[in-house]
Amino acid sequence: MEINGGVVVGVDGSASSLRALAVAAEEAVRRDAVLHVVRAWSMRTAPRPPECPPNAVPSMDAFQQEVERDTEKLVQDKLGTSQVTTKIHAVHSPSPQALLAASRGADLLVVGHRGRGGFAGLMLGSVAEQCVRHAACPVLVVRPTV
């Protein structure tokens, strides 16, 4: 994954990550920057390729392609005809490592927050917390609703 400037956002399909995607796109437009959408995945979290038979295990390439297709659809559904230039980065890696690696070349990292309300709503999720503590660029943590 090569990132040289721009806004990076982590997306996994959750409500908080889709909210982060919208905010990151607005920020990329404001900065006239590229929006880098990072989707970290594992065989456990990747969508299953529809062409794979039920009792077969898809190849890593098939998983990679399905994650890329699924992420492109998420971005299209959320951003529609936004004026932002978008690059998809589907990375077979744990989320914190993928986002921290992407932060090394980014101007801003945007991540979602999965607060549970009440006191728990004041705490960061584990991925957001690792990003805030260790990212190589400024981090914007976005709540699912404002």
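Buried here means under 20% relative accessible area, exposed means over 50%, and partly exposed lies in between. The model on screen is predicted.

**Stop 1: helix 2.** Select Glu66 and Arg69 in helix 2, which spans residues 60-79. Their side chains form a salt bridge, 2.6 Å from N to O. The two residues are three positions apart, so about one helical turn separates them. Glu66 has a relative accessibility of 12% and is therefore buried. Arg69, at 39%, is partly exposed.

Stop 2: Another set of salt bridges joins Glu27, Arg30 and Arg31 into one network through shared partners. Select Glu27, which is buried at 16% relative accessible area. Arg30 lies three residues from Glu27 in helix 1, about one turn of the helix, and is exposed at 58%. Arg31 and Glu27 are four residues apart in helix 1, and Arg31 is partly exposed at 39%. The count of salt bridges in the model is seven.

**Stop 3: the largest pocket.** Select Asp12, Ser95, Gly112, Arg114 and Val127, the residues of the lining that lie nearest the centre of the largest pocket. The space in this pocket is about 360 Å³, and 20 residues line the pocket. Eight of them are nonpolar, nine polar and three charged. To see where the lining comes from, colour helix 1 (15-31), strand 2 (35-41), helix 3 (95-103), strand 4 (108-112) and helix 4 (126-134); each supplies at least two lining residues.

Key
Residues numbered from 1 in each chain as written. Predicted model: local features only at pLDDT ≥ 70, side-chain atom pairs only at ≥ 80, totals over all residues. Heavy atoms only, no water. 1 Å grid on protein atoms, 1.4 Å probe; cavity = no way out; pocket = protein on both sides within 12 Å on 5 of 7 lines; lining within 4 Å. Points joined across faces, edges and corners; volume = space filled by probe spheres on them. Nonpolar A, V, L, I, M, F, W, Y, C, P; charged D, E, K, R; others polar. Salt bridge = Lys/Arg side-chain N within 4 Å of Asp/Glu carboxyl O. Buried < 20%, exposed > 50% of the residue type's maximum accessible area, 1.4 Å probe, protein only.
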